[in-house]
Amino acid sequence: MLDWLDAFLISGLFGVVQIIGLGLLVHLQMGLTRVANFGVAGFWGLGLYVFGILYGKVDWPFGDPWQFLVCAIAATAASALAGLFVAWLISDLDVDGALVGTLGFATVIFLLATAWSDLTGGAAGLGGLGFPYDAGPAKTNEFIWFVLTTAIVAGILAYVLWVHRSPYGRLLIAVGTNEPLARSLGKSSTRAKLTLFTITSGMMGLLGVMQAVMFRFIIPANVTINITLAALAGLILGGITRAWGAVVGVLFTVALFDIVIQFYVPLPQEWYTQAIPVAREAIFGLALVLVLLFRPKGMLGEMKRPQLMRRIHDFK
Amino acid sequence: MTSSERTRAEIHVRGAKKSFSGRTVVDVDELVLGDSAVEGLLGPNGAGKTTLMRMIMHSIPLDEGTVTLHKRDGSTITLSELPPHQMVSNGVVKSTQVVSDFDQLTILDSLLLALATPGDESPIRWKAERELAKKHEEEIRHQLDRFGFGNPNEVAGSAGEKKLLDIVRCLLLKPDVLLLDEPTAGLPDDITQLVMSAVRELALGGTSVVIVEHDLEVIWELCDEVTFMAEGRVLMKSDPETIRNNSLVVEKYLGADHA
Ligand SMILES: Nc1ncnc2c1ncn2[C@@H]1O[C@H](COP(=O)(O)OP(=O)(O)OP(=O)(O)O)[C@@H](O)[C@H]1O
Ligand SMILES: [Mg+2]
C-alpha cells in the first residue's frame, strides 16, 4: 500500500493543504471584511510554538491522545486570543494601520521564537514532538496525519461556503464594503471584526498545531513571512472575494510549483539548493503581477452575489 | 396608557454645538423633534440640517450639548453618549442624503441585512439564512412590490434605486424616530408619491418622522409642523402655513417669488 507515495510527496501535499487552509481564512478577513492581515505567520506560528512547548516541554500526567488534545486545544485558544487582541488593536485603523499592526504581531512571534531559546530552543529548534498514535511505518503515520489535516481544511472550506450563504457573511461583506452605513443599520462593526478574528486566528493556530506534529521538529524559520505571502499570493491569484479563490489559486501556485514542477519535471540536482527557492518566489511574484494586470479580481473574478442569492432564495 | 407613556418618541436637543475648523455650523439652544407626527426641517443649503441630524445619530461627535431620546415607554436615554450602532436598537434611524450602498450586495441582501438581528448574524448559527428569509417573507415581498423594484437578486443600479433602497432599509428597521435627509431627491415623481405614502403610513403607526427636503411640495403636503434653520440656528418652529408666509423665511430661503 501507499507505494506511490514518497515522503517528499506527502510533505509537498501537506504544505499545499496548509496554505489552502490559511488562504481560506484570510479570504474571510480580507476578501469579505476587508481587514488586512499580513500577520498570518504569527497566528499560525503561535499555535505551532504553543503546542510544541506544551507538548515537548511539559510533563503531562497522561499520555496520547489526551496529551495531544489538551495541548492542541490550548494552542488553538492561544491563537484565538491573540486574534481577539490584535483585532481590538486594529479595529479602528485603516488598511495601512491594520497591515502594520498584523505584520508587527507576526514579527514579535518570530522574534520570540528566536530569542526565547529556553522555551523554544531558539534557532537550534524544538523537538520531542510526534504523532499521537502509532499505526506502523512512518509513512503510514504521516499519511494518516495528512488525511486528518485535509479533513480539517475541508471543514474550513465548508465553513467558508456556509458563511457566504448566511446572515453572518452578509454582515461581514456589509462591514467590508461600507462600514459607516453598516453601523447606521445598527451593526456593531467592531464586534463583527473581533469575533471574526477570534475564530479565524484560532483556526490558523490549529493548522500550526497540525504542522508541528507533522514535522516533529520546529524552528523559527518555519514562521517567517514566506507562509503569509504564499497564502496571500494564492488567494489573490484565485480571487480574494471568492469562496473557492484560495483553493484554485494555491493549486496554481504552490501545488503547481512545489509538487508538479519539482517532482515530475527532471531538473538538475544542483538546482534544488540555490536556484529553485529563488525561482519559486520569482514565479509566484510574476504570476501575481500578471493576474493583477490582466485579471485584477483574480482567476475566478468578482464576488457573484446575484447568482448565489438566486440559488438560495426564490424572491422575484 | 400610564401617565409616563407617550404617543410618540421625542428627541430633545439641548445646547448642541458643532464647528468645523473654527466655523460654527450648528448652534441649537433647544429643539424638540417628534412632538408631531411628521415634522419638516427646512433651511437653505449649508444651514446645518444634515450636520444636526448626524449629531443626533452621534455619527459625528458634539462639541457641546446633549441629545436625549424620550421613548414611547416613558424612559429616557442620552443618545449623545451612545456609539452610532446603538441608535437602531433604541429605535432611532436615519437615511443618508448622499447616495450610499454596499457595492457587492444585491437588493434582497440589503433588505435581509436590515432585518437580521445580532442573533441571526451569529458566526455559528447553522440555519439562520433560511429562518430569516422565511420569517420576513411577507414583509420583503410587500416592500419589493410596493416600490416596484426590478430584480431583487441584482445589485441596485441607478442612483435613484440606491436612494430608494436606503429608505426601504430604514422602513424595515421599524423606527420610533425616523430622520429622512432629502429622501426624494433624484427620485421620479411616481416613486416620490410612494415614498410619501409610506412615510404617512409609518407616522400613523406612531413613528415620529423628521424630514429634510428641498422639494417644498413634499414639505407642505406631509408635515404637521416645520422647523426653520439658517446658519446653524433654529429660527422658528410652527405650522406649515405660518412658516410659508413668514417674512424671514421668505427672505432667507423661499425667495419673494414663491407661490
Ligand atoms: N465634515 C465637514 N467638514 C467641514 N465642513 C463641513 C463638514 N460637514 C459639513 N460642513 C459644512 O457645514 C455646513 C453645513 O453643512 P450641512 O451639510 O449640515 O448643511 P445642510 O443644511 O444639510 O445643506 P444642504 O441643504 O445643502 O444639504 C456647510 O457649510 C458645510 O460645508
Ligand atoms: Mg444636507
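This is a predicted model: local features need pLDDT of at least 70, side-chain atom pairs count only at pLDDT 80 or more; totals for chains, interfaces and linings use all residues.
Angles under 35 degrees count as roughly parallel, over 145 as roughly antiparallel, 65 to 115 as roughly perpendicular, and the rest as oblique. Residues are numbered from 1 along each chain as its sequence is written, chains are lettered from A and ligands numbered from 1 in the order in which they are written, and side-chain values use heavy atoms, with hydrogens and water left out.

**Two helices in chain A**

Helices (H or I, at least four residues) and strands (E, at least two) are DSSP runs numbered from the N terminus. The axes of α1 (residues 7-32) and α6 (residues 138-164) of chain A come within 10 Å and cross at roughly 20°; axes are lines fitted to C-alpha atoms, for helices over the stretch in contact, and angles run from 0 to 180 degrees between N-to-C directions. α1(A) and α6(A) are therefore roughly parallel to each other.

**Around ligand 1**

Which residues come nearest to ligand 1? Of the 14 residues around ligand 1 (a heavy atom within 4 Å), the nearest are B:Asn45, B:Lys49, B:Thr50, B:Thr51 and B:His214. In chain B, β2 (23-33) and α1 (49-56) each supply at least two residues of this shell, and α1(B) gives the most, with three residues.

| Residue | Atom in the residue | Distance to an oxygen atom of ligand 1 |
|---|---|---|
| B:Ala47 | backbone N or O | 3.2 Å |
| B:Lys49 | polar side-chain atom | 2.7 Å |
| B:Gln97 | side-chain N or O | 2.8 Å |

Taken alone, ligand 1 exposes 640 Å², and the protein buries 65% of that; the areas come from the Shrake-Rupley method with a 1.4 Å probe.

**Two backbone details**

Most residues other than glycine have a negative phi, and most peptide bonds are trans. A:Asp64 and A:Pro65 are joined by a cis peptide bond, with omega about 5°. A:Pro65 is found in the loop between α2 (40-57) and α3 (66-90) of chain A. In chain B, phi of B:His58 is positive, near 55°, and B:His58 lies in the loop between α1 and β4 (64-70).

Technical notes: A polar contact is a pair of N or O atoms within 3.5 Å; within protein, one must be able to donate a hydrogen and the other to accept it, and residues adjacent in sequence count only if both atoms are side-chain atoms.
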